[in-house]
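Hi,

Here is the structure for you to look over. Please open it before you read my notes below.

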Amino acid sequence: GKALPTRAAIPTLRAMPASSDPREIVDFYQLGSDELAALARLEPLFEAQANRFVESFYRHLLSFPETQNLLRDEEVRRRLLIRQREYLLGLCTPEIDAGYIAQRQAIGDTHERVGLGTGWYLGAYALYASLLLPAVLQETRHDPVASEQAVTALIKRLMFGAHLALDRYMAVRE
């Protein structure tokens, strides 16, 4: 068979720039007006289910010693519940601007500062997807086109948010 290229022969890509103009990253994730509109249509669902989603999210986090340790302070937990609700509803905002990007990057700063490993962080995004996608599919079940648009847009938005926070997390580490 053909030999694999050596590590030195494989070109490396630098991280995407976290420039003040978010268009390049948004364009890469294909988060255009159609996707943002599909997400905006989910806002009533997310608003109605926000408390249930956030409670399920934290109940899962509190079932693991590592994350339980980070959330042991009741005041910290209360603030995080509020922020998670804001994040959830923020997934539906029809605009991604420099302020949104800075907010997601600040999350990366916070998670690096408290020592939350990237695996736990990515796992939280998987948890969000597992909580939100069934509700989205149920809500859009009578319209397969809307269902596909909503699911695709939500996955893109979740991955975009993870990208921003983890890029920042890694930059702070370096």
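This is a predicted model: local features need pLDDT of at least 70, side-chain atom pairs count only at pLDDT 80 or more; totals for chains, interfaces and linings use all residues.

**Overall make-up**

The chain has eight helices and zero strands. From the N terminus on, the order is α-α-α-α-α-α-α-α. There are 174 residues, and 37% of them are buried. Now the contacts between residues at least 6 apart in sequence: 78% of them join residues at least 24 apart.

**Helix 7**

Helix 7 covers residues 118–139, which is 22 residues. Its length can be checked. At 1.5 Å a residue, helix 7 should span 32 Å. The C-alpha atoms at its ends are 31 Å apart, so the two values agree.

Helix 7 also has a kink. The kink is about 25° and lies at Leu132.

Which residues of helix 7 are buried? They are Tyr121, Ala124, Tyr125, Leu127, Tyr128, Ala129, Leu131, Leu132, Leu133, Ala135 and Val136. A reminder for reading that list: an α-helix has 3.6 residues a turn, so residues three or four places apart point the same way.

What covers these buried residues? The cover includes helix 3 (43–61), helix 5 (74–90), helix 6 (98–114) and helix 8 (144–173).

**The largest pocket**

The largest pocket holds about 840 Å³ of space. It is lined by 30 residues. Closest to its centre are Tyr58, Leu80, Gln84, Ile107 and His111.

Several helices share in the lining. Helix 3, helix 4 (65–70), helix 5, helix 6 and helix 7 each supply at least two residues. Helix 6 gives the largest share, with nine residues.

**Phe28**

Phe28 sits in helix 1, which runs over residues 23–28. Is Phe28 buried or exposed? Its relative accessibility is 57%, and the cut-off for exposed is over 50%, so Phe28 counts as exposed.

Phe28 and Phe160 are 132 residues apart in sequence. In space, their C-alpha atoms are 9.4 Å apart.

Best wishes

Key:
Residues are numbered from 1 along each chain as its sequence is written. Side-chain values use heavy atoms; hydrogens and water are left out. Helices (H or I, at least four residues) and strands (E, at least two) are DSSP runs, numbered from the N terminus. The expected span of a helix is 1.5 Å times one less than its number of residues. The bend at a residue is the angle between axes fitted to the seven residues ending there and the seven starting there. Buried means under 20% relative accessible area, exposed over 50%, partly exposed in between (1.4 Å probe, protein chains only). Contact means heavy atoms within 4.5 Å. On a 1 Å grid over the protein atoms alone, a cavity is a set of points where a 1.4 Å probe fits but cannot get out, and a pocket is an open set with protein on both sides within 12 Å along at least five of seven lines; lining residues have an atom within 4 Å of a point. Grid points are joined across faces, edges and corners, and a volume is the space filled by probe spheres set on the points.
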